[in-house]
Amino acid sequence: MFWPLVGLLTLGALNGVTSVAVSRSSSSLSGSGLVSSNGSSSIVARMMSPYDADPDFNPHLNVPDISSDELCARGKTLEDVDANSPGNWYCQKVDQILYTKVTKPGTYQEVTFMDNQSGECRFSPREFKGDLAPYNEPQFSVYTPGGGGSYNRIGEYHAASQTRNGIMFLGNRGGAGSGVAGGPFGASLSYVSADGLGGASGPQTLHDVPLVSHAEIVVTTDQPCDGSCGYRRPGAVTYKGFPGSARVFMFEFSMPDEPQHNGEPGGNEPAIWLLNSRIPNTAQYNTCNCWASGCGELDIFEIIYPGQTKAVSTFHLDGDGKSAGDANWLQRPTGGPIKLAVVMDATNGGTVSIKNMGASDGGRFGGSLSASQVEGLKAKSGLVSEYVRGTRNGHQETDRSKRNQGKEG
């Protein structure tokens, strides 16, 4: 289950979303735990003592850097092993994960035609390049650049006040009031009901209630799709995602344990992730999409095994579902809401910062962020894992493609 504070993205299995905010800057900046063969990483962390004695959701004091090898040498465990999974590697709990050099220009296979009756699906190559490619194509959830380094909010959801500005809640519920269902591609995108469980005939604001962990919600802008969205499945409800490479996503949410849903598809596995909008606009849970060819996914805060309390982040930057992500993890907030800041910009070859800002103070996100506030959100705080693509440190490079292929295609 999940409660949002900022957002335009895919909310899957999130408990207790309270609010979501999305901001934009004026700048033109544009599951298996196996070792991956694509890319590599180097991780440096800021350590405090005694780290384990600190509260789960409060940031730690800044301290000198240590190497990733030293961090993982303090403890690395293989968990989530069962008959269906070889398990996942976990190193240390951290407060912030800072990814750099994530920009990776290339080509993916874009869907150009779909036939809902025959199942015919056609592709053509699409080149992507520029700052944070391919994550500079439309995706979900953002504050975007304004002027002078500031960022303006372009969308928000606040559960308690039932505020929804600039965003739309969709889901793969086609045929239940809107969208299309049946045929080889399954249910298309549609509007979702206010409880997040079913479809709807028109736009709805999610009620101030927890979302069960298998009730995936897609958050977009409130701007209907046009030619800039690329090809869309005929009959699907589609809205624009959030383009550009400079974005800030602010979330307030909790993820209570849901043992009653263990064993269900996606049960007790809450997650927040970003997708290239061309994936859900065609067929998110079918092979007729661009995901397998590497058009872009970023798992921001994902529980990959029922009941697990270690949230991981993963990039899907290459074809065939290959992935790269940090083995260090963030604490799942089962006991109460936290605030999470995700900052994306073009610095250092493409930077993504994912920071646990600690237990929620109850304050609402503002309508804008100053340049100094944005820098503060990205600044290193507490125990920080720094992940740099292009250097070799194999035990932090994980391949969770099995999990995500089930999710996307």
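This is a predicted model: local features need pLDDT of at least 70, side-chain atom pairs count only at pLDDT 80 or more; totals for chains, interfaces and linings use all residues.
1. **The C121–C288 disulfide.** C121 and C288 are bonded through sulfur atoms 1.9 Å apart. The torsion about the S-S bond is 85°, and the link is right-handed.

2. C121 has 23% relative accessibility, so C121 counts as partly exposed. C288 has 2%, so C288 counts as buried. The cut-off for buried is under 20% relative accessible area.

3. **The C225–C229 disulfide.** The structure holds three disulfides, and one of them joins C225 and C229 with the sulfur atoms 2.2 Å apart. Its handedness is left, with -95° about the S-S bond. C225 is buried at a relative accessible area of 14%. C229 is buried too, at 4% relative accessibility.

4. **The C290–C295 disulfide.** A further disulfide runs from C290 to C295, S to S 2.2 Å. Which hand does this disulfide have? The torsion about its S-S bond is about 75°, so the disulfide is right-handed. C290 has 1% relative accessibility and counts as buried. C295 has 0% and also counts as buried.

5. **The largest nonpolar core.** This core has 29 residues. I300, F301, L340 and V352 are the members that touch the most others. Seven strands are listed as giving two or more residues: β9 (96-100), β19 (247-253), β20, β21, β22 (310-316), β25 (338-345) and β26 (351-359). The largest share is four residues, and β25 supplies it.

6. **A second core.** A separate core has eleven residues. Among them are V248, V343, L369 and V374. L369 returns below, as a residue of β27 that stands opposite Y151.

7. **β13 and its partners.** Strand β13 covers residues 151-158 and runs antiparallel to β12 (residues 143-145), joined by two bridges. P145 has Y151 as its bridge partner in β13. β13 also pairs with β27 (residues 368-369), again antiparallel and over two bridges. There, Y151 stands opposite L369. Y151 therefore has a partner on each of two strands, since P145 is paired with Y151 and L369 in β27 faces Y151, by the pairing that DSSP bridges define. With β14 (residues 163-165), β13 forms three bridges in the antiparallel sense.

8. β12 and β13 make a hairpin with five residues between the strands. In its turn, G148 has a positive phi of about 60°. The hairpin of β13 and β14 has four residues between its strands. Q162 takes a positive phi near 55° in that hairpin.

9. Which residues deserve a backbone check? Q162 is one of them, with a positive phi of about 55° although it is not a glycine. Q162 lies in the loop between β13 and β14. Its relative accessibility is 33%, so Q162 counts as partly exposed. D80 is another residue other than glycine with a positive phi, near 65°. D80 is placed in the loop between β7 (77-79) and β8 (88-90). At 9% relative accessibility, D80 is buried.

10. **N328, a polar residue inside.** N328 occupies the loop between β23 (324-325) and β24 (330-331). Is N328 buried or exposed? At 0% relative accessibility, N328 counts as buried. Which partners does its side chain reach? One is the backbone nitrogen of Q92, at 2.9 Å. Another is the side chain of S385, in a polar contact of 3.4 Å.

Conventions:
Residues are numbered from 1 along each chain as its sequence is written. Side-chain values use heavy atoms; hydrogens and water are left out. Buried means under 20% relative accessible area, exposed over 50%, partly exposed in between (1.4 Å probe, protein chains only). A polar contact is a pair of N or O atoms within 3.5 Å; within protein, one must be able to donate a hydrogen and the other to accept it, and residues adjacent in sequence count only if both atoms are side-chain atoms. A disulfide is a pair of cysteine sulfur atoms within 2.5 Å. A nonpolar core is a set of buried Ala, Val, Leu, Ile, Met, Phe, Trp, Tyr and Cys residues joined through side-chain atoms within 4.5 Å.
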